[in-house]
Amino acid sequence: MSRRPTASIVASPVLVGAVTVLVTIVAVFLAYNANAGLPFVPTYDVRAQIPSGANLIVGNEVRVGGFRVGLVDEIEPARVMRDGELRSVAVVSMKLDQVVEPLPADTTIDVRPRSVLGLKYVELTRGSGSRPLTAGATIPLREDDSRPIEIDDFLGTFDGDTRDAARASTEGFGNTFAGRGQSINIAIAELRPFFTHLEPVMRNLSDPGTELDEFFRQIGNVSRQVVPVAAVQAQLFTNMADTFEAFSRSPRALQATIEKAPAALESGIRSFPVQRPFLADFARLSRKLRPAAQELPRSLPAIVDAFRVGRPIVRRSVELNEDTEDVFAELEDLAAMPTTQLALDDLDELVTVTRPLLEYVAPYQTVCNYTNYFFYGIGNVFAKGVPGGTAFNSLLNSANRTQDNRPSDFPADRPADVPVEVDSQEVTDPTGEPLTKLLAQPYGPAIDAAGSADCETGQWGYLERLGEGRYGPVAEPEFDTTTNSGGSSPVVATNTPGLAGPTFTGVPSLGAVDEQLRQLGFEVPE
């Protein structure tokens, strides 16, 4: 009897394809649900309250001690009472492996960033308590829990320019270190001898005797003081660059200078102790000059303007000094002449002789400047030139013999006058002689009876017209030179009120002059 051979499973292509499809479906299903936990695997489920579930999503890892022990199964909002007020929190449901069961009841939870891209994970820190956390229990919100600072919030504190600058710096550092691994290794190898030699140096610098803190403080003070002259310092360094460039063009001369430097330094070592008192005095002087130096920024523009104005004057002063030298040379020659002493003796005698006159005239000159009256009168006495010389005005302008109240009349009942609307320079009487009129202060005193200044004689102008007064204007033909006057002459009042006038010197009275003379030690009669 023959037996039929057993059919192989691989002999049927349909069966092989069905098995392959089934295995693929199971693999895809398991891979798709791996983040949510493998099916039919028991888990240890716990819940926890956290301040915020921002950027935390379902499927994030849960770690204990850095190892993955589960994943986040669900996140939902909740409200809890904290400090007497309702507060919004997030409740995280976690599926954990049973290897960590049970967790202590005082286990804490933190949400930490997994990468700079914003991916998070939940970290559980086991507590030390003996009471276990049963499955399905909730880890409450701690009193000190606060919303964590997200990397986005941290980076958001910088403005766009700062973020761009940080990005450029990071890119620059990356490009700097890229491809330089060997150089970095060499630098790290060289750091050991460097720090070996740096240690004693830093030990000396950290010694209180070096006063390194004072050094940096003084550097700060110096920097603060040079800020106002920063532009000048910049120009100084520019000029120094030019100077050093000039040095580099003559290395031999620079070498010779350096060779002579030890001797110069040796001389400095010997001379500096001697200079120390001077330097101390100079330091005190500098401290005293500090207020003046602080004043310079405000006053220097005015000083510069003064120098700018005074520069041409100083140039001209050279010529003035030379002329002054000639003047003093002539004075020296004059003093050496024998006749100079005779002239001084004669001058002394002249002063002695004229002293009584000066003592008499001086008070009046002091109060009303009589000299001005005298010289003005002298100037007006003489007429223009005439054949053979000059003549007095009084001879040329002698009063006529027919006009009533002419200036030469004494007494007169009113000032001399001419008819209205006539030319006073050409008007004549019936006999052909010129008429005259008075334009002056007719009866002005200089000093009144009380000795007070009343210097009207030297005043100019006419402060008051008689106008329609006692003697009204009379026109021709009614004007009669023998009986009437025109009454049209502008004359000043007989006494100008107040102590005033161009010749008034400001001294109120002769009594004030006498008092001043007594104060100077002169004898003044009562």
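**Entry 1**

I began with Arg-298, which is exposed at a relative accessible area of 64%; exposed here means over 50%, buried under 20%, and partly exposed in between, with a 1.4 Å probe and protein chains only. This is a predicted model, where local features need pLDDT of at least 70, side-chain atom pairs count only at pLDDT 80 or more, and totals for chains, interfaces and linings use all residues. Residues are numbered from 1 along each chain as its sequence is written, and side-chain values use heavy atoms, leaving out hydrogens and water.

What does Arg-298 pair with? I found a salt bridge to Glu-295, with the closest N and O atoms 2.1 Å apart; the term asks for a side-chain nitrogen of Lys or Arg within 4 Å of a carboxyl oxygen of Asp or Glu. Both residues sit in helix α7, three residues apart, about one turn of the helix. Helices are DSSP runs of H or I with at least four residues, strands are E runs of at least two, and both are numbered from the N terminus. Glu-295 is partly exposed at 30% relative accessibility.

**Entry 1: other salt bridges**

I noted a count of 13 salt bridges by this rule. In helix α5, Arg-217 and Glu-214 are three residues apart, separated by about one helical turn, and their closest N and O atoms are 2.6 Å apart. Arg-217 is partly exposed at 45%, and Glu-214 is partly exposed at 30%.

Arg-47 is partly exposed at 26%, as is Glu-76 at 28%. I also logged a salt-bridge network that links Glu-61, Arg-63 and Arg-68.

**Entry 2: the sheet**

Next I traced an open sheet of seven strands in the order β6-β7-β2-β3-β4-β1-β9, with mixed pairing; two strands pair if DSSP finds at least two bridges between them. The edge strands are β6 and β9 (138-139), each pairing on one side only.

β2 (residues 61-64) and β3 (residues 67-82) pair in the antiparallel sense over four bridges. Arg-63 has Arg-68 in β3 as its bridge partner, and those two residues also belong to the salt-bridge network with Glu-61. Two residues lie between the strands of this hairpin, and Gly-65 takes a positive phi near 65°.

β3 then pairs with β4 (residues 85-96), again antiparallel, over 12 bridges. Here Pro-77 has Ala-90 in β4 as its bridge partner. Two residues separate β3 and β4 in their hairpin, and Asp-83 in the turn has a positive phi of about 55°. In contrast, β1 and β9 pair in the parallel sense over two bridges, with Ala-48 opposite Ile-139 in β9.

**Entry 3: the cores**

Which residues have the most contacts inside the largest nonpolar core? I listed Val-62, Met-94, Leu-96, Val-122 and Leu-124, in a core of 22 residues. The term covers buried Ala, Val, Leu, Ile, Met, Phe, Trp, Tyr and Cys residues joined through side-chain atoms within 4.5 Å. Strands β1 (44-50), β2, β3, β4, β6 (108-113) and β7 (120-125) each supply at least two residues of this core. A second, separate core of five residues includes Val-367, Cys-368, Leu-510 and Val-513.

I then looked around Leu-124: not counting residues up to four places away in sequence, its contacts (heavy atoms within 4.5 Å) include Val-62, Met-94, Leu-96, Leu-103 and Ile-139.

The peptide bond from Glu-101 to Pro-102 is cis, with omega near -5°. Pro-102 lies in the loop between β4 and β5 (103-104). Glu-211 has a positive phi of about 50° although it is not a glycine, and I placed Glu-211 in the loop between α4 (181-206) and α5 (212-226). For context, most residues other than glycine have a negative phi, and most peptide bonds are trans.

**Entry 4: overall tally**

Of its 526 residues, 18% count as buried. Among contacts between residues at least 6 apart in sequence, 60% join residues at least 24 apart.
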